[in-house]
Amino acid sequence: MSPPAGHPGYPARTLAFVESPVQLLNVLEWAHLHGLQGARTDGLPSVPAQIRRAPAGAPAAADAELTLVVLSPTDPMTRGQLRRMADLARDEGYRVRWEEARGGTTAPFHTIGGLAGPLRRADRIVMGDPFSRYVQLLLTITRARDLVVVDDGTATMEFVAQLARGERLVRWHRKGGRPGPRDLLFAPVSSSARRRLTPSEHRRVEVFSSMPVTETPDGVTVTVNDFAWTRARFGPPRITASADMVGTSLVETGVVDGDRYLAAVQSLARAHGATRYFAHRRESTDKLHRLAAETGLEIVRPDLPLELIARRGPIGRTILSFPSTVVHTLPLALAGTGVRVAVCDIDPTWLTETASPRAQGFLSGVTGTARDVHRLAAVGPA
């Protein structure tokens, strides 16, 4: 008789659910740190052993196997980056299961039905977005005793804080508004997910993050993501003499006014000699066309997360950003290269009338807690 899953002699089955390229990257970083192996059988080469080396005390690779499940969105830019990241994961030896989770009215039923068996057999669940209704629904099926949350950007900071305070899980840019009909309908599932993400005698919870965690819930293990896999796998990059700028989707999420944002980009570009603008995958085409026409910046649509793009190079000696995930992740990914990351504060006058009351404080916190960055004052119109 085979020993139960997770016991010595039987590989622990780990399912990781991702919905964005950054989430997939951070699952690879987490797997690298813990020395997990792939569950593949197709014979394709894996990354060399010296890159996959686990730190002292981490479980041996033979004791765990990982399967990545991509809950594919419909946005073409996100899908393109996810496919490139999925290829990288396969190159590392991991099995990738691509689910057209939003490909029509019946797609969620097919996806959840097809994943029910693997979910019940999994010993560990890794997720990139605990706010995702899809992920929260999947959590109601699993019996896994180990749950891991990897970074999904600045939202991770809010997730940990809400879990510590026992609050309902709500994305920071929506907090303060009244729950809609769909929120009320989904409330029981969301409450169940929050309970499952709370450590107990029978459940372990780990948060794997490069973000500052100031409120740690009781029993939650916080593990630091220092982008060791990224630095071992790519670079060092060639450094150019100019500056590059990183775009944000704060306009698209309704937090920042579009005209104010364009004026700020124009002022920053002129003041620092920026030549390229790395667009966020959610930035609208119309906005980017306007940016190119009015600022003269070369608009770059990255096909991979910016941490990998910057590490591969070429990249500017200075990287300009507004408050976002990259002010925490790029200094780690580019450690030792001499590249300077500079962050520009969001002026309160840039916020829209519909922005969450918490927006200014949250964005200031993102900037204020960033390490190894140069802080720039908010800029006025060009």
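Modeller: In this predicted model, the lining of the largest cavity is made up of six nonpolar, two polar and two charged residues (Ala, Val, Leu, Ile, Met, Phe, Trp, Tyr, Cys and Pro count as nonpolar, Asp, Glu, Lys and Arg as charged, the others, Gly among them, as polar). Residues are numbered from 1 along each chain as its sequence is written, and side-chain values use heavy atoms, without hydrogens or water. Local features need pLDDT of at least 70 and side-chain atom pairs 80 or more, whereas totals for chains, interfaces and linings use all residues.

The lining consists of E29, H32, L33, F208, V224, N225, D226, F227, A228 and W229, each with an atom within 4 Å of a cavity point, that is, a point on a 1 Å grid where a 1.4 Å probe fits but cannot get out. The space in this cavity is about 40 Å³, counted as what probe spheres set on the points fill, and the search of the whole structure finds three cavities of 30 Å³ or more. Two helices, α1 (21-34) and α8 (228-233), each supply at least two of the lining residues (helices are DSSP runs of H or I with at least four residues, strands runs of E with at least two, numbered from the N terminus). Helix α1 gives the most, with three residues.

F227, one of the lining residues, has a positive phi, near 60°, although F227 is not glycine; its place is in the loop between β8 (220-224) and α8. In the loop between α8 and β9 (239-246) sits P236, which is joined to G235 by a cis peptide bond with omega of about 5°. Another cis peptide bond runs from G313 to P314, with omega near -5°, and P314 lies in the loop between α11 (306-312) and β12 (315-321). Most residues other than glycine have a negative phi, and most peptide bonds are trans.

Helix α1 also packs with α3 (residues 76-91), at an angle of about 15° and with the axes 8 Å apart (axes are fitted to C-alpha atoms over the stretch in contact, and angles run from 0 to 180 degrees between N-to-C directions). This makes α1 roughly parallel to α3, the term for angles under 35 degrees. The crossing of α1 past α3 is left-handed, the near helix being turned anticlockwise from the far one by less than a right angle, and clockwise in a right-handed crossing. Here P21, L24, L25 and L28 in α1 meet T78, Q81, L82, M85, A86 and A89 in α3, contact being heavy atoms within 4.5 Å. By class, this contact holds eight nonpolar, two polar and no charged residues.

A further helix pair is α9 (residues 258-272) with α10 (residues 285-295), packed at an angle of about 40° with axes 10 Å apart. In α9, D259, Y261, L262, V265 and Q266 meet K287, R290, L291, E294 and T295 of α10, a contact of four nonpolar, two polar and four charged residues.

Notes
On a 1 Å grid over the protein atoms alone, a cavity is a set of points where a 1.4 Å probe fits but cannot get out, and a pocket is an open set with protein on both sides within 12 Å along at least five of seven lines; lining residues have an atom within 4 Å of a point. Angles under 35 degrees count as roughly parallel, over 145 as roughly antiparallel, 65 to 115 as roughly perpendicular and the rest as oblique.
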